[in-house]
Structures are given as structure tokens and as C-alpha cells.
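Dear colleague,

Please find the structure below, handed over for your use. The notes that follow it set out what was found.

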Amino acid sequence: MSSQTSNVPAVDDIAGLERAALENMFVGMSNHAQLAEEGGPIILTEASGIRVKDIHGKEYIDGISGMYFRNVGHGREEIARAIYEQLSTVSMNVYAGVTPKIIQLAAKIAELTPGDLNRTFFSQGGSDANETALKMAQAYHVRTGDKGRYKVISRRYSYHGATYGTMWLGGHPGFPRTDYQPKPANVVHVPQPDPYRCELGGTTAEDCAIRCAQAIEDAILFEGPDSVSALIGEPISQPLGGVVPHESYWPRVREICDKYGVLLIFDEVITGFGRLGTWFGADFVGVTPDILTFAKGVTSGYWPLGGAVATNNIADIFAGGPEKTFSHMYTYSAHPGGGAAGMAALEIMERENLVQNARQRGEQLSESLNDIMDRHPIVGDARGVGLIQGLELVKDRETKEHFDPSVGLNARLTEKLIDRGIWIRVPAFILPLAPPLIITADEIDELTSAIDESLGEVEKELGLT
Ligand SMILES: Cc1ncc(COP(=O)(O)O)c(C=O)c1O
């Protein structure tokens, strides 16, 4: 729209900003009519540590680190300064050029990741990091003479991105794909080894892991091993609140992939950079993938950056004459700002021992959530590890039945948490928890007390206590 008087609100015009946000924006996974009913999207004006403040001055604990990215917490001026200094000198590459900080970051990632995961292709976020990995896997097979390998196996209840090439991988209960049919022909789904609801009827975590790993081998055989390029999975899966498979699962999956020449891709967009109490999920599960993707935590969200890091075996296939080149690029790959932000964020992670803090606070959080489960019938399961955890909410613990959506359980619980100054939007039947890795013991108590009270209030409203 254009008119003589500008429609652009001043930054301190609260009503104008709220109006323009509703009139002029798509806000991710929300719609403007629904947002209008809720009073509009949260508009942030300040953020520090684990807390954010909205335009009305109300403060919240950021319960899921923005969107699982704010590992070093909000308001880190040293990262902002590093970005400023970088952009004030060289603000962008020339064609086929790189800058010192992004080289340092690639070397740092090679140092931190396990095994010989040594060569990174940088992207802008997680979806395009996974696109990169899928293309790299297929191109690797082509280069090695396996031209028919194009299928990708993923696990239900995983999330790998929003682009056309990634959205049909996995399946997030909160992100339906009904508008985006058909499912591409290269996508194959297998079960998630969720010990609480083992799709294949496993009665223990180990039994579930054995069955779900076998389902991968069965799928490879059914599809034809010569047609399968890769299996992609998060070592610990977020959409169900942190599904931790039995320890036998990933080593067995690694063996199966090796047996059939299928590449293993770990999507560490959330689990990378400390969230599990280890630098990477690969360390946590003791398995090195062929390609590892990352985003979010690498810069703690201070710059949109992701990447796919490949082992020497994969990367070296793309060296030689021009025909060997990995034929892939994004304009903003390896942006200098990402190098500066990443190096500054990882320096904070190391200086403040945040990986260790994630492990210790994760243990505390786990204890508190188990305690909450003991006292609240609405909680069917408490799961997760490190600072990626969650509660599964059920109507009946025996049958594990979920509440009917008409009950509006997630909206009710979200509202109670917001009233108590906790910013967690409860999607479907999982209450997710993934605070910044800087969280203190007292702050964990503050967070879990608010959850405890909120669950109690919802149970009362629903006549369950
Ligand atoms: C495990 C995982 N992979 C990929 C993505 C996609 O990342 P992005 O939203 O940065 O494209 C996400 C986003 O939440 C994620 O959680």
C-alpha cells in the first residue's frame, strides 16, 4: 500500500507497531487472525541472559532459547562487537573468496567435531545445511559410480527443515504438510525409537531400539540398497521433547549404513554446540556420521549461519579436476559476519564452560521434571537429556491417550506459563524445555516451579484434581 502519510510506525509507537505486525507480516507458524485474538506477536525490546522483555515491559524467561539457538544467552555485546568490527572492515566476500574469521571457524569446527569431520560447507541456517548434506551425499555416490542412489531415509517425529527438499523428511506433530503434497518420491520414512510409545511394540528402550534399527535395514532392503543415498537423523530428537534412544541404537544404525553403503547424516542443528552436555550429539551417542549438519548454536543465533561438515573420505571425492567439484553454492555461504559471530560465541562457550553447565543443569532439570511427573497425572512422560527436555501431556496415563484438541490444552498451558513470566509456546501435546546453556541452578528452580504451578492450575480447570 502506498499513501501520502507513511504507514511505517515509529519504533516507540507501540500501537502502530502492533497494528503493522498484524497487517504487514507473516509470523512463522502463526496466522494474523489468531495472533490478533492473542493480542499480537510478542515484540521484544530488550534481552539479557536467559530473559527477554516485551514492548510493554513484561519480562519472561526464554524457556526454549528463542528457537533452540540462544546457547550463550541474550545480550552478549562482545558478539555484537565482533560482528560490527568484521562488517566495518570486510562486510561480504567476493566471488569464490573467504575471510580470516570464517576460515578460523571452519578450523575450529574441525577441531571440536569427532573423528575426521574436517571440511565445512557453510549455509545460512539449518534447512539449507540439510539441503547441502543431501546434495553432497547424492553427489558423493555419483562420483563413486553409484548413480542410482537418490533415496533418503528419515525417522517419523523428526524435523529437518522447511524447504522443498527437507520438509517431507521426518514429520513434526506441530508442522503439518497437508498443503504440500505429494511427498517426494525419494523420501522414505522409518519409526522413531521413542521408548515411551514404541511404534513397533518394543517393551523396553533396548527392545524398541533393536526393532527400530531393524526397521532401517528392512527399509533399505525393501527400497533396494543401490537406490538409497543416506539416512538422516538427529542423535536426540527434539519434536517429541528430546527422544533419547537406547545406547545401542546409533551404533547399530551406523553398522547397517556401512553394510549397505548408505551415508549417515547427523542433523545437529539443535544438538550441536553443547546442548546435550557434550559438544555434539555424535559425542553423546558415540557415533561419527559421514556428514554432520549444524546451525543455531554455532553463533547462538547472533548471525544466521549453518553448515554441513564432511569427513575426509566424503570431502576428498570432490577434489581433482573441475568435474569433481561439489556443484553447490549459496550467495551468502561463509558470510564474514557468521565467522565473526561464530568465533565470538564459541569463545564464550569455552571460557564459561557452558558444555559442562548444560550437563549439570540438565541433570537438575531432569530430576525436577521427574518430580513434577510424580505429582501431576497429566504428565505421561518426562524425557530428554542436557538442556533439551520435555514433558508429554496425556489425558490418561494408562492408555497414553492425548487430550482432544477441542480441550485447547496447549493454549491453556501456554497462557498459564506466560502469566508466570515463562515464554514457552506449548505445541500440541509436548511441553518443550531448552533454556540457554548459561542457566543457573536457581533459574532452573524458578522455571520448574512455574511449570509445576501451571500444570496444577490446568489440571484444576479440567477437573482432574
Ligand atoms: C533438527 C533441526 N533441523 C533443521 C532445522 C531447520 O533449521 P532452520 O529453521 O534454521 O532452517 C531445525 C529448526 O528448528 C531443526 O530443529
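**Pocket, cavity and helix packing**

Strand β4 gives the most to the lining of the second largest pocket, contributing five residues. The model is predicted, and local features need pLDDT of at least 70, side-chain atom pairs count only at pLDDT 80 or more, and totals for chains, interfaces and linings use all residues. Residues are numbered from 1 along each chain as its sequence is written, and side-chain values use heavy atoms, with hydrogens and water left out. Helices (H or I, at least four residues) and strands (E, at least two) are DSSP runs, numbered from the N terminus.

**The second largest pocket**

The space in the second largest pocket is about 900 Å³. On a 1 Å grid over the protein atoms alone, a pocket is an open set of points with protein on both sides within 12 Å along at least five of seven lines, whereas a cavity is a set of points where a 1.4 Å probe fits but cannot get out; lining residues have an atom within 4 Å of a point. Grid points are joined across faces, edges and corners, and a volume is the space filled by probe spheres set on the points.

The lining of this pocket has 27 residues, and F121, F326, H328, M329 and S333 lie nearest the centre. Two or more residues come from each of β4 (117-123) and β10 (306-311). By class, 17 of the lining residues are nonpolar, eight are polar and two are charged. Here Ala, Val, Leu, Ile, Met, Phe, Trp, Tyr, Cys and Pro count as nonpolar, Asp, Glu, Lys and Arg as charged, and the others, Gly among them, as polar.

**The cavity**

By the rule above, there is one cavity of 30 Å³ or more. The largest cavity holds about 40 Å³ of space and is lined by H172, P173, G174, P239, P427, A428, F429 and I430. This lining consists of six nonpolar and two polar residues, with no charged ones.

Axes are lines fitted to C-alpha atoms, for helices over the stretch in contact, and angles run from 0 to 180 degrees between N-to-C directions. Angles under 35 degrees count as roughly parallel, over 145 as roughly antiparallel, 65 to 115 as roughly perpendicular and the rest as oblique. A crossing is right-handed if the near helix is turned clockwise from the far one by less than a right angle, and left-handed if anticlockwise. Contact means heavy atoms within 4.5 Å.

Helix α7 (residues 205-223) packs against helix α8 (residues 249-260) at about 15 degrees, the axes being 9 Å apart; the two are therefore roughly parallel. Their crossing is right-handed. From α7, A209, C212, A213, Q214, I216, E217, I220 and L221 meet Y249, R252, V253, I256, K259 and Y260 of α8. This contact has 10 nonpolar, one polar and three charged residues.

Helix α4 (residues 77-89) and helix α11 (residues 336-351) cross at roughly 150 degrees, and their axes come within 8 Å. They are therefore roughly antiparallel to each other, and α4 passes α11 in a right-handed crossing. Residues E78, I79, A82, I83, Q86 and L87 of α4 meet a set in α11 that includes P336, G337, A340 and R351. By class, the contact comprises 10 nonpolar, two polar and three charged residues.

For helix α13 (residues 409-419) and helix α14 (residues 441-461), the axes come within 9 Å and the crossing angle is roughly 135 degrees. This pair is therefore oblique. The contact involves residues including L409, R412 and L413 of α13 and A450, I451 and S454 of α14. Its residues divide into seven nonpolar, one polar and four charged.

**Two backbone details**

The peptide bond from Q181 to P182 is cis, with omega near -5 degrees. P182 lies in the loop between β5 (151-155) and β6 (187-190). Y68, a residue other than glycine, has a positive phi near 65 degrees and is placed in helix α3 (residues 65-68).

With kind regards
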